[in-house]
Amino acid sequence: MTEWGVALIAAGSALVASLISGIFARSAGRRQAAAMLETVRITVEQQRRERALAARRATYLRFLDAAETVLLARRAGGGSAEDRAALQRAMGAVQLEGPAATEAGALLEALRRERGLDELERARFAFIHAAREALRAPD
């Protein structure tokens, strides 16, 4: 075999080895990129859930604060239209959130109808329990 033949075979072998190595490297790169994208997707989804729960928590706290203000004013024998309006606005936000809206409505109705303090406390605790359940992070 001539020098040219040996050189061509060596060059061809090197070219085929480079091609095969490149194919494997490309495949590994794609797998790494897919794994990285999945990690980013999971992280973004967790952050979205945490932001949604934080917004829900703030909504429930605002409603509970407004209800407590009306309840305390009622116990003291006072209260203002502004307090009741704030409670109604907070109720609207709870209704948008969905969970615990029924219990919030029951508490609002008990406050409107000036029920007894025991019934008001039961409605308040029912709302708190429902809010806790709604804020429990899914596993």
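Biologist: What radius of gyration does the protein chain have, and what would a compact globule of 139 residues have?

Modeller: The protein chain has a radius of gyration of 32 Å, whereas a compact globule of 139 residues would have one near 14 Å. The radius is taken over C-alpha atoms, and the globule rule is 2.2 Å times the number of residues to the power 0.38. The C-alpha atoms fill a box of roughly 110 × 25 × 20 Å along the principal axes.

This is a predicted model, in which local features need pLDDT of at least 70, side-chain atom pairs count only at pLDDT 80 or more, and totals for chains, interfaces and linings use all residues. Residues are numbered from 1 along each chain as its sequence is written, and side-chain values use heavy atoms, with hydrogens and water left out.

Biologist: What pattern does the protein chain follow along the sequence?

Modeller: The pattern is α-α-α-α. The protein chain has 4 helices and 0 strands, where helices (H or I, at least four residues) and strands (E, at least two) are DSSP runs numbered from the N terminus.

Biologist: Why is Arg 56 called buried?

Modeller: Arg 56 has a relative accessible area of 19% and is called buried because buried means under 20%, exposed over 50%, and partly exposed in between (1.4 Å probe, protein chains only). Arg 56 lies in helix H1. Apart from neighbours within four places in sequence, Arg 56 is in contact with Glu 97, Pro 99, Ala 134 and Leu 135, contact meaning heavy atoms within 4.5 Å. Across the protein chain, buried residues make up 24% of the 139 residues.

Biologist: Is Arg 132 buried or exposed?

Modeller: Arg 132 has a relative accessible area of 59% and is therefore exposed. Arg 132 belongs to helix H4. The C-alpha atoms of Arg 132 and Tyr 60 are separated by 9.5 Å, although these residues are 72 residues apart along the chain.

Biologist: What share of the contacts with a separation of 6 or more comes from residues 24 or more positions apart?

Modeller: Such residues account for 66% of those contacts in the protein chain.

Biologist: How many cavities of 30 Å³ or more are there, by the rule used?

Modeller: The count comes to 1. On a 1 Å grid over the protein atoms alone, a cavity is a set of points where a 1.4 Å probe fits but cannot get out, a pocket is an open set with protein on both sides within 12 Å along at least five of seven lines, and lining residues have an atom within 4 Å of a point. The largest cavity has a volume of about 30 Å³, a volume being the space filled by probe spheres set on the points.

Biologist: Which residues line the largest cavity?

Modeller: The lining consists of Ala 67, Glu 68, Leu 71, Leu 107, Leu 111, Leu 120 and Arg 124. H1, H3 and helix H4 (117-135) each supply at least two of its residues, and the largest share, 3 residues, comes from H1.

Biologist: What is the volume of the largest pocket?

Modeller: About 250 Å³ of space lies in the largest pocket. Of its 14 lining residues, the closest to its centre are Val 70, Arg 84, Leu 111, Arg 112 and Glu 114. Helix H1 (3-75), helix H2 (81-97) and helix H3 (101-112) each supply at least two lining residues, and H2 gives the largest share, 4 residues.
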